[in-house]
Amino acid sequence: MQALKAQVRTKPVSLKLDASLKARLDVIAVAKDRSAHWLMQNAIETFVVKEEQQEKLWLEAKAIHEHYELTGMHVSEDRADAWLAQLEAGNDIDPPECQS
């Protein structure tokens, strides 16, 4: 157990909350039988994961757009809609081929 604790490094930070928000946080902490510290840590972790996912999606979309600008390869709206309709109907089909 001691080896595990040695691997997990924490770094203290200071966070200022207005009195009203801190009071609301304390109410939630009591209701959930958790510390305010735990709730803040959990909220920050959730936020960071969401932001990382959004950044990853943005970078993927940017790369896809750049590829389109270079090659002109795309799937028409009609073909994409037909493919999506098949997926919604429960049919497991391959996506349509790109065209230029």
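1. Helix α3 is followed by G72, whose phi is positive, near 75°. The helix itself covers residues 36-71, and its 36 residues should span 52 Å at 1.5 Å a residue, which agrees with end C-alpha atoms 52 Å apart. Helices here are DSSP runs (H or I, at least four residues; strands are E, at least two), numbered from the N terminus, and the expected span is 1.5 Å times one less than the number of residues.

2. A word on the source: this is a predicted model, in which local features need pLDDT of at least 70 and side-chain atom pairs pLDDT 80 or more, while totals for chains, interfaces and linings use all residues. Residues are numbered from 1 along each chain as its sequence is written, and side-chain values use heavy atoms, with hydrogens and water left out.

3. Now the overall fold. The protein has four helices and zero strands, in the pattern α-α-α-α along the sequence. Its radius of gyration is 24 Å, well over the 13 Å that the globule rule gives for 100 residues, so the protein is more spread out than a compact globule. That radius is taken over C-alpha atoms, and the rule is 2.2 Å times the number of residues to the power 0.38. Along the principal axes, the C-alpha atoms fill a box of roughly 55 × 35 × 30 Å.

4. Do look at W38: R34 lies over its face, 4.1 Å from the ring centre (the criterion is NZ of Lys or CZ of Arg within 6 Å of the centre and within 35 degrees of the ring normal).
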